[in-house]
Amino acid sequence: NITGILTVDATSVLTGAVQSGGLLKATNIALAAATDIADSTAALLIGVGDHGKNMVCLLDGAAKAVSLPASMTIEDVGTTFTIIQGVNLVASGVLTISANTGNTFATNSYYIGYNSSVKVLPLRPAAANNTIVITGANTNSAWGIGSIAKFTCVSAGEWQFEMVAEGLGTGNGAVAFSTV
């Protein structure tokens, strides 16, 4: 017999922990990529159907609001989205990411950045924070090509993010967390 399985009269019974709530997502990988995030001012709502998909952000000099799915429940735990910056976010470029209605960012989230000379100390949001604002800069932008933001639903109403910035020049203090 294998540990965790009890065999009784040719019937197998699984033993071990029981999960309460919904079933967790089996994988965080999707076969198809999501639609790119356009370089426009049009707001974007990411849907739960984009779970496991990578989105390339083409925003450079415009202001854009991106919202994660609203009111996440225990059944949504494991839902994941990744945004990969495909161009440098430059001056007048502002990317605002909202946890959306009924959600906040988990305090276990983090942002860390790199630039030509210094690593930025990890930053974490406060318990009630639900908005991230990333501001570009012309020659010293902290949010350059290859910067990555990964969002995972870790509890009902809680998104955890892992953000790693690839800066231009000496970078800047591009990322701010707030409660809106």
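Is C153 buried or exposed in this structure? At 1% relative accessibility, C153 counts as buried, where buried denotes under 20% relative accessible area and exposed over 50%, with partly exposed in between (1.4 Å probe, protein chains only). C57 is likewise buried, at 1% relative accessibility. The count of disulfides comes to zero, a disulfide being a pair of cysteine sulfur atoms within 2.5 Å.

The model is predicted, with local features requiring pLDDT of at least 70 and side-chain atom pairs counted only at pLDDT 80 or more, whereas totals for chains, interfaces and linings use all residues. Residues are numbered from 1 along each chain as its sequence is written, and side-chain values use heavy atoms, with hydrogens and water left out.

The secondary structure of the protein comprises zero helices and 14 strands. These elements are DSSP runs numbered from the N terminus (helices: H or I, at least four residues; strands: E, at least two). Of the 180 residues, 37% count as buried. Among contacts between residues at least 6 apart in sequence, 70% join residues at least 24 apart, contact meaning heavy atoms within 4.5 Å.

Five strands form an open sheet of mixed pairing, in the order β3-β5-β7-β11-β14; two strands pair if DSSP finds at least two bridges between them. Strand β11 (residues 131-135) pairs with β14 in the antiparallel sense over four bridges, and V133 stands opposite A176 in β14. Strands of a sheet pair through backbone hydrogen bonds, either parallel or antiparallel.

Strand β6 (residues 80-85) has five of its six residues buried, so it is largely enclosed by the rest of the structure. Strand β6 runs parallel to β4 (residues 54-57), to which four bridges join it, and V56 stands opposite I84 in β6. Five bridges join β6 to strand β12 (residues 148-155), and these two strands run antiparallel. In this second pairing, I84 stands opposite I148 in β12.

The largest nonpolar core has 32 residues, and those with the most contacts inside it are L95, I132, I134, W143, F151, W159 and M163. Such a core is a set of buried Ala, Val, Leu, Ile, Met, Phe, Trp, Tyr and Cys residues joined through side-chain atoms within 4.5 Å. The elements giving two or more residues to this core are β4, β6, β7 (94-98), β11, β12 and β13 (158-166). Its largest share, four residues, comes from β13. Residues up to four places away in sequence being excluded, L95 touches C57, L59, K64, V66, Q85, L89, I132, V133, I134 and W143.

Five aromatic pairs are counted. Rings of Phe, Tyr and Trp (its six-membered ring) pair if their centres lie within 6.5 Å; planes under 30 degrees apart count as stacked, over 60 as edge-to-face and the rest as tilted. The rings of F105 and F161 have centres 5.1 Å apart and planes at 85°, so this pair is edge-to-face. The pair links distant parts of the chain, with F105 in strand β8 and F161 in strand β13, 56 residues apart. F105 is buried, with a relative accessible area of 1%, as is F161, with 0%. F151 and F161 form a tilted pair, 6.2 Å centre to centre with 55° between the planes. F151 lies in strand β12 and F161 in strand β13, so the pair ties together parts that are ten residues apart in sequence. At 0% relative accessibility, F151 also counts as buried. Ring pairs link F105, F151, F161 and F177 into a cluster.

S109 lies in the loop between β8 (104-105) and β9 (110-114) and counts as buried, at 0% relative accessibility. A polar atom of the S109 side chain lies 2.9 Å from the backbone nitrogen of F161. Apart from neighbours within four places in sequence, S109 is in contact with L123, R124, P125, W159, Q160 and F161.

Definitions and conventions:
A polar contact is a pair of N or O atoms within 3.5 Å; within protein, one must be able to donate a hydrogen and the other to accept it, and residues adjacent in sequence count only if both atoms are side-chain atoms.
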